[in-house]
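Subject: Structure for your review

Dear colleague,

Please find below the sequence and structure that I am handing over to you. My notes on what was found follow.

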Amino acid sequence: AKTLPGGDRRISSTWMREALSEGDVALYRTLTGGRDFSYSGVVVKGKMLGRELGFPTANVVIPDNKFIVRRGVYVSKVTIGCRIFGGVTNIGLRPTVEDAVVDLAETYIFDFDEDIYGAKIKVELLEFLRPETKFSSKEELIQAVEANKRQAKTYLSESGILATE
C-alpha cells in the first residue's frame with residue numbers, strides 16, 4: 001500500500017474524496033501522483049447572467065455520477081480542443097443569482113471570446129480560492145469575481161502553468 005513520503009496514512013479513494021469535499025484539490029493532485037481533478041462536458045447555455053455582469057462563463061452540467069467537490073471558486077485550467085487556457089471556475093448552485101437544483105461548473109476563461117456552446121471542454125481544478133457565497137448584491141458578486149480573477153492570474157503565472165502578459 002502506498003503512502004505519501006513521511007506519512008503513514010494509506011493513499012485511498014476515501015482520502016481523495018475527503019480532500020475534494022474540503023476543496024483541497026492540491027492534496028488530491030498529490031494523492032493521485034499529479035492528476036488534477038476535472039469535469040468534462042458539453043458547454044450549455046446558462047441564463048446568460050455572467051455575460052450580463054461582465055464575465056461570460058462556459059457552463060458544464062456536472063453529471064449525477066461525478067463527485068461534487070466543495071462548492072466554491074477555483075483556479076482552473078481549461079482545455080478546448082487542443083488549446084489550453086487559464087480560468088476561474090465556480091462549482092455550485094449560484095445562490096446570489098438563482099437557487100439552482102443542479103450543480104454547474106461555471107468557468108470564466110481568460111483571454112477568450114468565442115461562442116463554444118455545444119463544444120466539449122475539460123476543466124481541471126488547480127487551487128481552491130473561496131467557498132460558495134450568497135452575496136447581498138450583484139455589485140458584491142462582481143467585486144468578488146474580479147478579486148478571484150486577479151488571484152487566479154497570479155497563481156497561473158507563478159506556477160508556470162500559463163504565460164500571462
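**Strand pairing**

In strand E2, valine 60 is the bridge partner of valine 43. This is a predicted model, in which local features need pLDDT of at least 70 and side-chain atom pairs count only at pLDDT 80 or more, while totals for chains, interfaces and linings use all residues. Residues are numbered from 1 along each chain as its sequence is written, and side-chain values use heavy atoms, with hydrogens and water left out. Helices (H or I, at least four residues) and strands (E, at least two) are DSSP runs, numbered from the N terminus.

E1 and E2 run antiparallel and are joined by two bridges; strands are taken to pair if DSSP finds at least two bridges between them. E1 also runs antiparallel to E6, with six bridges joining the two. Within E6, lysine 120 is the bridge partner of valine 42.

**Nonpolar cores**

A nonpolar core is a set of buried Ala, Val, Leu, Ile, Met, Phe, Trp, Tyr and Cys residues joined through side-chain atoms within 4.5 Å. Buried means under 20% relative accessible area, exposed over 50%, and partly exposed in between (1.4 Å probe, protein chains only). The largest such core has 28 residues, and Ile121 and Leu125 touch the most other members. Among the elements that give two or more residues to this core are helices H1 (13-21) and H2 (25-31) and strand E6 (120-131). E6 gives the most, with four residues.

Leucine 125 has contacts (heavy atoms within 4.5 Å) that include Val25, Phe37, Tyr39, Tyr74 and Ile91, not counting residues up to four places away in sequence. A second, separate core of 15 residues includes Val73, Val88, Leu141 and Ala144.

**Helix H1**

Trp15, Met16, Ala19 and Leu20 are the buried residues of H1. Seen down the axis of H1, these residues fall within an arc of 135°, so they line one face of the helix; the arc is that of the directions from the helix axis to the C-beta atoms. They pack against H2, E1 and E3. Just after H1, glycine 23 takes a positive phi of about 80°.

**Aromatic rings**

The structure holds five aromatic pairs. Rings of Phe, Tyr and Trp (its six-membered ring) pair if their centres lie within 6.5 Å; planes under 30 degrees apart count as stacked, over 60 as edge-to-face and the rest as tilted. Phenylalanine 85 and phenylalanine 112 form an edge-to-face pair, because their ring centres are 4.9 Å apart and their planes are at 70°. Phenylalanine 85 lies in strand E4 and phenylalanine 112 in the loop between E5 and E6, so the pair ties together parts that are 27 residues apart in sequence. Both phenylalanine 85 and phenylalanine 112 are buried.

The rings of tyrosine 108 and phenylalanine 110 have centres 5.6 Å apart and planes at 85°, so this pair is also edge-to-face. Tyr28, Phe37 and Tyr39 form one aromatic cluster.

The charged end of lysine 149 sits over the ring of tyrosine 108, 4.3 Å from its centre. The criterion is that NZ of Lys or CZ of Arg is within 6 Å of the ring centre and within 35 degrees of the ring normal. Lysine 45 lies over the face of tyrosine 117, at 4.1 Å from the ring centre.

With kind regards
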